[in-house]
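Please keep the viewer open as you read.

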Amino acid sequence: MASYLFLGVAVSFTFIVTDVFANDTLLIPEDLLLGAATASYQIEGAWNEDGKGENIWDRWTHSNPNLINNGSNGDVACDSYHKYKEDVQLLNELGVNFYRFSISWSRIIPSGYTNVINEKGLNYYKNLINELLAKGIEPFVTLYHWSHPQFLEEMGGWTNEMMVEWISDYARIIFKELGPKVKYFATINEPHVFCGEGYGMGLKAPGKKLGSPGIFECMHNVLKAHATIYHIYNEEFREHQKGKIGIIIPCTGALPKNPNETEAVDMHFQFNCAWIAHPIFSKTGDYPTIMKIHVAENSKLDGFPRSLLPEFTPEWVQYIKGTSDFFGLNHYSSKLVEIVPRAEGQKWYAYSGVKESVDPSWPKSASPWLRVVPSGFREIIKKIAREYNNPPIYVTENGFSDKCCTSDYSRISYLHSYIKAMLLAIYEDGCNVKAYTVWSLLDNFEWESGYSVRFGLVYVNFTDSNRTRTPKWSMNWYKNIIATRILNSTLDSPTGMLEAPKKRGTSERRRERRIRTTTST
Ligand code: GBH
């Protein structure tokens, strides 16, 4: 009797153990690249050195310190212009497959017109790329992360269709000069954000308050610019450089506020993600039909003679369609959504008839807009896969903000839950995610929040003129994930995650085999 009982306990114990492994231990697929990201204005500093021209963020922060937390700016930032070798050393310690950074347009083309090219600016990026390659890290270059030469802004910036030509001239120079050593290019980072907050609402550079007309115009020109750059790469450079190029779209997650409110979830997607994604990734191209209908109806109600949503000619629809080798996804958080009468909509979603809110139980970060909702990440990946025939998705940004210190347990917890959600989207839902990127390598200039909000895996002391860098717990944790390519439950034991990755002994190898068998069945 006693031995039967014992056997029973042993059997159920084994089950529990197996079950824990099956649920809490996931392998990172071998072909999923892991990286970290930054952007030029947020880290470089050296705003007027070595021939760099003034850009819209220089102008905006210098003339409106009152609109930036603490009156901060990116004049020095992390001083990465001078400390890039140290940054690459940190990346090397992390063990990342790639580093996503952006190019400061006005560092290369000070006025925006390509009659003058600044060699010293080009050299900075050539040195950075060489340093990365020497350490076996792939450079992933973003051409436009929100900062263009101020002179082009005087000419109308993204509200002037000439921007399509100006940015194409710049892109061609980058492909020619840097392209031979770069395998991954992103054209434009998060059009919604700089069009919405920079041209519509005046919260970010260039600080224009043009409302919906400005936002729609900006997005329209961005789509044309992106497609033109893609075709330039395709026709003039791809054959020799053999790289990949795509656009980066911020897709906020959406969960139904009331059960079964799936219409609100889809509407939110069509007015958010799909505004840029549909013209590029859908079979038909052009803006989503529902968006065309709603904006036309609402423009009429507001007394405009025509829809505020500009129209593409059939030629442009064809030209834009299919212009991305991957779906660059920036994702941080989610909202609860519901359908409401038109007057209650918010921001540029006003025309969508969708209202956003948050569940007060979702854990907070240091950014009011960023709540921890990993299930929303899995849902948005699924939605993109379903809408656009399962394209390769590169998660180009994902991360968490806090206000302090190197013992960043909440960042680890966030990253753990989000990576897990992504792996479930891969394993359970069959989504085609091929890259994952943490925002950010370093604490940096968080736009209008200045330096008050930190996203880094590495702590930067902004009161020290040397901008000393100190790895946080999360850097060690991520390093361990990259080295072992296993996401497990060591999250629960702070000592486990703090340990530097050890040489794997036989017991670890045996355990790994067991995991492989468990997950493959
Ligand atoms: C990214 O943008 C940027 O690419 C990067 O430069 C930045 O540092 C990083 O995220 C962290 O912010 O009122 O809830 O609708 C994400 C920018 C900021 C866009 C919040 C949407 C909106 C808020 N997102 N914003 S909400």
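Two packed helices are described by the angle between their axes and the distance between the axes. Here an axis is a line fitted to C-alpha atoms, for helices over the stretch in contact, and the angle, from 0 to 180 degrees, is taken between N-to-C directions. Bear in mind as you look that this is a predicted model.

With that in hand, turn to helix α8, residues 163-178, and helix α10, residues 211-241: they pack at an angle of about 25°, and their axes are 9 Å apart. Angles under 35 degrees count as roughly parallel, which means that α8 is roughly parallel to α10. As for handedness, α8 and α10 make a right-handed crossing.

Which residues of α8 and α10 meet? On the α8 side they are Val164, Ile167, Ser168, Ala171, Arg172, Phe175 and Lys176. Their partners in α10 are Asn221, Lys224, Ala225, Thr228, Ile229, Ile232, Tyr233, Glu236, Phe237 and Gln241. Sorted by class, this contact of α8 with α10 has nine nonpolar, four polar and four charged residues.

Now move along to helix α16, residues 409-427. Its 19 residues reach 27 Å from the first C-alpha to the last, close to the 27 Å expected at 1.5 Å a residue. Among the buried residues of α16 are Arg411, Tyr414, His416 and Tyr418, along with Ile412, Leu415, Ile419 and Met422.

Let's step back to the chain as a whole. There are 19 helices and 15 strands in the chain, and buried residues make up 56% of its 521 residues. Of the contacts between residues at least 6 apart in sequence, 76% join residues at least 24 apart.

The C-alpha atoms of Glu387 and Ala277 are separated by 9.7 Å, while the two residues are 110 residues apart along the chain. Beyond its neighbours within four places in sequence, Glu387 is in contact with Asp266, Phe269 and Gln270. With a relative accessible area of 31%, Glu387 is partly exposed.

The backbone deserves a visit too. Ala205 and Pro206 are joined by a cis peptide bond, with omega about 0°, and Pro206 is found in the loop between α9 (191-200) and α10. Another cis peptide bond runs from Trp439 to Ser440, where omega is near 10°. Ser440 has its place in the loop between β12 (433-439) and β13 (458-460).

Finally, consider positive phi values. Asn70 is not a glycine, yet its phi is positive, about 65°; Asn70 lies in the loop between α3 (56-63) and α4 (80-94). Arg467, likewise a residue other than glycine, has a positive phi near 50°, and Arg467 lies in the loop between β13 and β14 (469-471). Are these residues buried or exposed? Asn70 is exposed, with a relative accessible area of 74%, whereas Arg467 counts as buried at 12% relative accessibility.

Definitions and conventions
Residues numbered from 1 in each chain as written. Predicted model: local features only at pLDDT ≥ 70, side-chain atom pairs only at ≥ 80, totals over all residues. Heavy atoms only, no water. Helix = DSSP H or I, 4+ residues; strand = E, 2+ residues; numbered from the N terminus. Parallel < 35°, antiparallel > 145°, perpendicular 65-115°, else oblique. Left-handed = near helix turned anticlockwise from the far one by under 90°. Contact = heavy atoms within 4.5 Å. Nonpolar A, V, L, I, M, F, W, Y, C, P; charged D, E, K, R; others polar. Expected span 1.5 Å × (residues − 1). Buried < 20%, exposed > 50% of the residue type's maximum accessible area, 1.4 Å probe, protein only.
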